[in-house]
Amino acid sequence: MNPALRQMTVIALLAALPLAGCDQNSAAKTPQDDELPVPVELASVIVGPVDAAYQGTATLEAAEEAVVVAHTSAVVEEIRVEEGARVQRGDVLAQLDARRLQLEAARAKAELDRLASEHRRNQALFARKLLSLESFERVKYQLASQKAAYDLAQLGVDESRIRAPFDGVVSERLIKTGNMVQPDQPAFRVTRFDPLLAVLYVPERQIRKLATGQQVSLRADVWPDEQFRGSVLRISPVISADTGTVKLTIAVQDPQTRLKPGMFVRVGILYDRHDDALLVPKDAVIIEDSEAA
């Protein structure tokens, strides 16, 4: 081939390479790629109320609970209540064998009546100056001492009846009929469920938002579809140096007594509310660098 012709051919091929590359890129990128739709979901911005609440967890406690003990040594004669029974203050929970105590009280009463009669006679004699002051005073003091002995014997008879200390529910029975009980031996546990208390510990940085009387919502795993109500009853005036928390006590409203002491609950304490706020779906809010956009 003519050298001049060969040179012209190479130049023509080199000039054609960029055009070929452009044509290939054009073929790979079609107008349709620039027009692919991006899926979006539309939602309306509405005006409505929005609440701010502190969320925490707590364990339920009884407002009052007492272990009722025996006050005398005797055999359990009769059990009058069982676990789950509602009782009023002063109701007899169990009767102990009181025969010996009753006999002692009867003997004390007889001696008391004798001394009372003698004292009445002595009053008449002393008024007529037929009895010395010493004899009159001796019987008078014996009468007072015997009155105390009789009252003590009567107290023993009364203590043979184990009674409820306050209105509540018998949550545990610890004795059986025929058992020999000793003084201060636990016999029953009585619990007051109204109100139940939820106790939680709040970080000190949150305490400025909370106050007594604020409304509280509670949920328990055993009642997943139920929301219970309550209110902040009291806030401890001191902060724990070990944990940096403050003890907060909530009074729980549960008229049907579905909640029980010892249950674990989730708590929301409402501390702020705006009635005319702009509301958007939560998914529409993007959090970046701790700021919402």
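Modeller: I start with a single side-chain pair: the side chain of Thr 245 makes a polar contact with that of Thr 243, at 2.6 Å. A polar contact is a pair of N or O atoms within 3.5 Å; within protein, one must be able to donate a hydrogen and the other to accept it, and residues adjacent in sequence count only if both atoms are side-chain atoms. The model is predicted, so local features need pLDDT of at least 70 and side-chain atom pairs pLDDT 80 or more, while totals for chains, interfaces and linings use all residues. Residues are numbered from 1 along each chain as its sequence is written, and side-chain values use heavy atoms, with hydrogens and water left out.

Thr 245 belongs to strand β11, residues 245-253; a strand is a DSSP run of E with at least two residues, numbered from the N terminus. Its relative accessible area is 15%, so Thr 245 counts as buried (under 20%; exposed is over 50%, partly exposed in between, with a 1.4 Å probe and protein chains only). Apart from neighbours within four places in sequence, Thr 245 has contacts (heavy atoms within 4.5 Å) with Tyr 201, Val 202, Pro 203, Glu 204, Val 238, Ile 239 and Ser 240.

A nonpolar core is a set of buried Ala, Val, Leu, Ile, Met, Phe, Trp, Tyr and Cys residues joined through side-chain atoms within 4.5 Å. This core has 21 residues, and those with the most contacts inside it include Leu 248, Ile 250 and Val 267. Strand β8 gives the largest share, four residues. Val 267 touches Ile 250, and among its other contacts, not counting residues up to four places away in sequence, are Tyr 54, Ala 58, Val 216 and Leu 218. A second, separate core has 20 residues, including Ala 70, Leu 96, Ile 162 and Val 181.

Next come the charged pairs. A salt bridge is a side-chain nitrogen of Lys or Arg within 4 Å of a carboxyl oxygen of Asp or Glu, and the count is 14. One of them joins Glu 64 and Arg 192, at 3.7 Å from N to O. Glu 64 is in β1 (residues 46-69) and Arg 192 in β8 (residues 186-203), so this pair ties together parts that are 128 residues apart in sequence. At 34% relative accessibility, Glu 64 is partly exposed, and Arg 192 is partly exposed at 34% as well. Another salt bridge, at 3.0 Å, links Asp 97 to Arg 99; Asp 97 is partly exposed at 22%, whereas Arg 99 is exposed at 58%. Asp 158 and Arg 163 meet at 3.3 Å. Salt bridges with shared partners also join Glu 65, Glu 172 and Arg 189 into one network.

Two strands pair if DSSP finds at least two bridges between them. Three bridges connect β2 (residues 74-79) with β4 (residues 92-96), and Glu 78 has Gln 95 of β4 as its bridge partner.
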